[in-house]
Amino acid sequence: MSDKNTLLAVLQLLRKYNLKGTEEQLKKEANLTDVVSTDDTAQTDSEVSSVLSAYKSEGDPEVYEGAYTELKRFVEGALDIYKHELGMILYPVFVHMYLELVYNGHEEQAIKLMERFGPDQEEYYQADLKRLSYVTKKDHMKGNELTDTFKSSEFIIRMSRDTLSILKRHLQEKKHSVLLNIIQEHLYFDMYEGVARNKQQIEATAGAIVGEATRQDNKAKVYYGLLKEPDIQYLPVEEEEDGEGDGADKPKKKKAKKDPLFSKKTKCDPNAPLLCRMPLPDLKDADKLEKVKALREACKRMTLGPDTLPSICFYTLLNSAGVVTSAEVSEDSSLLAVGFTDSIIKVWTLVPQKLRAMKSAEQLQDIDREADDVLVRMMDDRSAETCRILHGHNGPVYRVAFSPDRLLLLSCSEDTTVRLWSLQTWTCLVCYKGHIFPVWDVRFAPHGYYFATAGHDKTARLWATDQHQPLRIFAGHFSDVDCVQFHPNSNYVATGSSDRTVRLWDCVTGNHVRLMTGHKAPIYSLCFSVEGRFLASAGADSRVLLWDLAHGHLLAELTGHKGPIHTLAFSRDGHILTSGSLDCSVKLWDFSRLAEEMVLEDVNVSHNPDIKKSDSYLLRSYGTKNSPLLHLHFTRRNVLLAAGMYDGS
């Protein structure tokens, strides 16, 4: 009878959405050729809602505790090789049992279940369980982010074929309808062939709100290579060096030897996206000159390593504890922008050249437009200052970001808007309204024109500076998207979320192409390696995780910080990774050694690569007196700039 009701409910749904062909086909196959009467139709209206409801109301509320105890006993009694994989089902089953009891009004039994088995769950789930323990009535579940996530999404568990067959056998023997319902409806097993994973391998990728990534999530091809740089970079440098005397091309040779990454850029990278894949802005003459300048700076760059650590210059913001929310240094290290809780933005110059504003319209009319130095003449020397203040937001400013050409500045705020500022007129040009909740992060694309935002509405968005609506909305996270970062080739955007996952999105299709789990707390910082293949992420769990974008695998876990990590930076030659934390320290990690020791070829074949955890990759730790780290940035010559606020309390 229940099967017939389910069929009738499905037919009712098909009728509701006017899918007549499918309805007829289903009737024929299910031998329901007699037309369903109107009585049946009325009956199935209620049937639809009950069949599709999240939690079944069958069974005695007293059964749950016994069923869970028995499941726990079965897991603990299993062979060691399978025990850890079987143990992965305990947490999701426990959560759904609790929610099922609450949904069906058995408050007392739900609280009892939570008190008895809640403390036994893994440490990294305790914060979620605490939030769940406040949900004790069916009404509490409405609109609750956590319960909605569990109701609407299957919890994903990666399990070997052998472990899964042991679990199925056990469930068939015991025939606990409560357990079977939960496992069939709310758990998804991503089965793989091979040996069951050990405890370390499982723990490395556990911790996300809805379990691990399926292998399908990381199957898409990712073009992580760098785009071919225009030849303009190289020719003018040679010409200009020629005029400098006999040793003209020495820096070039030296650089090629020192820095293989730099010389590779001219070759076509097989893993790079096609130049026409995503429309990028054309280079203006000023951009070409800037690239030449950057290349000449790079010739004088220090090559870093264990024996040559970078010099660090720390900018301390005094009298600002609890007032400063973000800091950012421009790509050429000439400007520092800081966002404040009282909604203002301050921009400082870090070089002798002061910040000037553009002349008035009347004065601009008198300028000779054909002059070579027209851009210089447009600026008013009398307005030169070392610091400028930008007013416009009406809430804390959570992030500021410079455009690659340093003519524009983006800022995002609690007031749900993103603002684009001109650093020539020092005024707000555009106010972008799309997010309906606070915006936590904003970043310019390395090639300019595009920018990405991340917010409390669980989405990240891709924008273009000349359009007031987003071009793409990246939806899929189950909680706040806390940070966003562009890939060096501007074709991808990475996001880190409070749902403890890192995702990589394709700007062209809008789809997610990588889903990476392993963090045990919200993620606050992301940074791509110089050559684009690796991604470093860090956050409230005080660990830095390194991912291989080719396959979406976790490669290494760097521990040592005692507080949340809010900033990461790779040196310009890619040899050193730095992390800055609220524990008032900067740590330098030997990334080149780590990359050498990673066995990247085997990763694709072996399903469970071993995660490197050695502390020997830590080169040095520098402590500030009492200044939590807000921002880290490497100059073109590989000097490390850091910014933080002095906390006298």
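Which residues do ring pairs link into a cluster? They are Tyr91, Tyr124, Tyr125, Phe150 and Phe155. This is a predicted model, where local features need pLDDT of at least 70, side-chain atom pairs count only at pLDDT 80 or more, and totals for chains, interfaces and linings use all residues. Residues are numbered from 1 along each chain as its sequence is written, and side-chain values use heavy atoms, with hydrogens and water left out.

**Aromatic rings**
- There are 15 aromatic pairs in the structure; rings of Phe, Tyr and Trp (its six-membered ring) pair if their centres lie within 6.5 Å, and planes under 30 degrees apart count as stacked, over 60 as edge-to-face and the rest as tilted.
- Tyrosine 124 and tyrosine 125 form an edge-to-face pair, because their ring centres are 4.9 Å apart and their planes stand at 65°.
- Tyrosine 124 and tyrosine 125 are both buried (under 20% relative accessible area, with exposed over 50% and partly exposed in between, using a 1.4 Å probe and protein chains only).

**Charges over rings**
- The charged end of lysine 520 sits over the ring of tyrosine 124, 5.1 Å from its centre (NZ of Lys or CZ of Arg must be within 6 Å of the ring centre and within 35 degrees of the ring normal).
- Lysine 138 lies over the face of tyrosine 103, at 4.4 Å from the ring centre.

**Around serine 498**
- Serine 498 is buried, its relative accessible area being 18%.
- Beyond its neighbours within four places in sequence, serine 498 is in contact with Ile209, Ser479, Asp480, Asp482 and Pro522 (heavy atoms within 4.5 Å).
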